[in-house]
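Please open the structure in your viewer and keep the selection tool at hand.

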Amino acid sequence: MPKFLVAESETATERDERRQHAGKSSGETYAATLGQLRPGAEITIVAPADADATPLTPADLARYDAVFVTGAPLHVYQDSPEVRRQLAFMASVFASGTPSFGSCAGLQLAVAAAGGTVRKMERMEAGISRRIAPTEEGRSHPLLRGRGPCWDAPAIHGDEVETLPADATLLASNAVSEVQAVEIRHDGGVFWGVQYHPELAPGEIAVALRRQASDIVDAGLAETVDDVERRADQLDVLQHDAGRTTALWALGIDHRFAEEECRRLELKNFLEHLAKC
């Protein structure tokens, strides 16, 4: 039975707010997804950002088969106690040698902990990350096995990786953010990460769009909050009917975005690679 550790990147307040809107914190969403992909796995959730969190040493983390780092409205470039605690946690993950995976802020934390930098974006990416394409290295990397020459994925972020650490390999990019998928080898550990959200269902992205509707309008991605609501409505349709042609057409995507098996491909690939190691 595999032992997985899920690290919440959200603060306690952010976890409570997400539960009110989406029903789960980001860590609880990750745990539910992993439980579906690996029934019977022993999954523990921790919150390294919290002031009362017990610091985990590399020896503690080495007891797990894998660590998963969630997304959050976290700004890695801000020098706050919450960020410092999470960077220290990620440094311990690398030092433990335990394989790790992260999405969105989870990717950004790993980049910063390994010596790279993160910045605020000029234009946020909201709802759908479009036309992601593998690099030459990404075409043969097991993280992206099964991905075609181009794909769309659930995403919502206002920060992005600015520079990768020296021991990183860029695996995928798109026109909005150069770093969409990456492998980082640092201090004895290996991290695979994506800027998008393979763990999120369309309905969860719809919730995120509604929560950040004003920011999306301010960013110039939509004319009005009602425009954002209409986009979210189409995602809700796909939550219940992944093949609904009208919603796919309205969003400008194909069925692979909404179908669970395709959407979760990077997570599945990580777990399958883990089982072989």
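Which residues does A219 touch, not counting residues up to four places away in sequence? Select A219 in this predicted model, together with R123 and M124, which are the residues that A219 touches under that condition. A219 is placed in the loop between helix 8 (213-218) and helix 9. A219 counts as partly exposed, because its relative accessibility is 31%.

Select helix 9 (residues 225-240) and helix 7 (residues 202-211), whose axes lie 7 Å apart and form an angle of about 165°. Angles over 145 degrees count as roughly antiparallel, and helix 7 and helix 9 are therefore roughly antiparallel to each other. Their crossing is left-handed. To view the contact itself, display the side chains on both helices. Helix 7 contributes P202, G203, E204, I205, A206, L209 and R210. On the helix 9 side, the residues are V228, E229, R231, A232, D233, L235, D236, L238 and Q239. Eight of the residues in this contact are nonpolar, two are polar and six are charged.

Is S25 buried or exposed? S25 has a relative accessible area of 0% and is therefore buried. Display E8, E10, R15, R18 and R19 as well: S25 touches these residues, with those up to four places away in sequence left out of the count.

Continue into helix 2 (residues 26-37), which has 12 residues. From its first C-alpha to its last, helix 2 reaches 17 Å, close to the 16 Å expected at 1.5 Å a residue. Colour S26, G27, T29, Y30, A31, T33, L34 and L37, which are buried in helix 2.

Select R131 in strand 5 (residues 117-134). Phi of R131 is near 50°, a positive value in a residue other than glycine. R131 counts as exposed because its relative accessibility is 58%. Finally, select D187, in the loop between strand 8 (181-186) and strand 9 (189-194). What is phi of D187 near? The value is near 50°, positive in a residue that is not glycine. D187 counts as exposed, because its relative accessibility is 52%.

How values were computed:
Residues are numbered from 1 along each chain as its sequence is written. This is a predicted model: local features need pLDDT of at least 70, side-chain atom pairs count only at pLDDT 80 or more; totals for chains, interfaces and linings use all residues. Side-chain values use heavy atoms; hydrogens and water are left out. Axes are lines fitted to C-alpha atoms, for helices over the stretch in contact, and angles run from 0 to 180 degrees between N-to-C directions. Helices (H or I, at least four residues) and strands (E, at least two) are DSSP runs, numbered from the N terminus. Angles under 35 degrees count as roughly parallel, over 145 as roughly antiparallel, 65 to 115 as roughly perpendicular and the rest as oblique. A crossing is left-handed if the near helix is turned anticlockwise from the far one by less than a right angle, and right-handed if clockwise. Contact means heavy atoms within 4.5 Å. Ala, Val, Leu, Ile, Met, Phe, Trp, Tyr, Cys and Pro count as nonpolar, Asp, Glu, Lys and Arg as charged, and the others, Gly among them, as polar. The expected span of a helix is 1.5 Å times one less than its number of residues. Buried means under 20% relative accessible area, exposed over 50%, partly exposed in between (1.4 Å probe, protein chains only).
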